[in-house]
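Subject: Structure for your review

Dear colleague,

I am handing over the structure below, and would be grateful if you could look through it alongside the notes that follow.

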Amino acid sequence: MTDHLVDLDKHRGMAAQKATDLRRALADVESNLRELREREADLENRMMTAPAASWPEAAVKARHLLNLYAASLPAEDTRHRALVTALFDDFARLSGED
């Protein structure tokens, strides 16, 4: 046996290396997406179990829900997208955000 490692990627063709890189990148994306979904589920569970103690806390919950709604809108539904944007602007203005 030998103590040095052999980089097998160097012994494959360019197409095989690109395919391997794509598989690795896809696995990373899927892992990150799975982690994001778990964190989002945890956040939503905490939002459901703890009532808002103030209007700003209620607005945080509403923003999250509106973001989910806006993400589900078809691209051509500009009217509802504009309404969501206007509501976010209202939240920012009323909360004193710039």
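Predicted model: local features only at pLDDT ≥ 70, side-chain atom pairs only at ≥ 80, totals over all residues.

Helix α2 covers residues 55-72 and helix α3 covers residues 78-95, and their axes come within 11 Å of each other while crossing at roughly 160 degrees. Since an angle over 145 degrees counts as roughly antiparallel, the two helices α2 and α3 are therefore roughly antiparallel to each other.

On the α2 side, the residues that meet α3 are Ala-59, Ala-62, Arg-63, Leu-66, Asn-67, Tyr-69 and Ala-70, and on the α3 side they are His-80, Arg-81, Val-84, Leu-87, Phe-88, Phe-91, Ala-92 and Ser-95. Sorted by class, the residues of this contact of α2 with α3 comprise ten nonpolar, three polar and two charged.

Helix α2 also packs with helix α1, which spans residues 14-49, and here the axes are 11 Å apart at an angle of about 135 degrees. That angle makes α1 oblique to α2, and the crossing in which α1 passes α2 is left-handed. The contact is made by Glu-40, Leu-43, Glu-44 and Met-47 from α1, together with Val-60, Lys-61, His-64 and Leu-68 from α2. By class, the contact of α1 with α2 divides into four nonpolar residues, one polar residue and three charged residues.

Turning to the open space in the model, the largest pocket holds about 190 Å³. Which residues line the largest pocket? The lining consists of Trp-55, Pro-56, Ala-58, Ala-59, Val-60, Arg-63, Phe-91, Leu-94, Ser-95 and Glu-97. Both α2 and α3 supply at least two residues of this lining, and the largest share, six residues, comes from α2. In terms of class, seven of the lining residues are nonpolar, one is polar and two are charged.

With best regards

Note on methods: Residues numbered from 1 in each chain as written. Heavy atoms only, no water. Axes fitted to C-alpha atoms, helices over the stretch in contact; angles between N-to-C directions. Helix = DSSP H or I, 4+ residues; strand = E, 2+ residues; numbered from the N terminus. Parallel < 35°, antiparallel > 145°, perpendicular 65-115°, else oblique. Contact = heavy atoms within 4.5 Å. Nonpolar A, V, L, I, M, F, W, Y, C, P; charged D, E, K, R; others polar. 1 Å grid on protein atoms, 1.4 Å probe; cavity = no way out; pocket = protein on both sides within 12 Å on 5 of 7 lines; lining within 4 Å. Points joined across faces, edges and corners; volume = space filled by probe spheres on them. Left-handed = near helix turned anticlockwise from the far one by under 90°.
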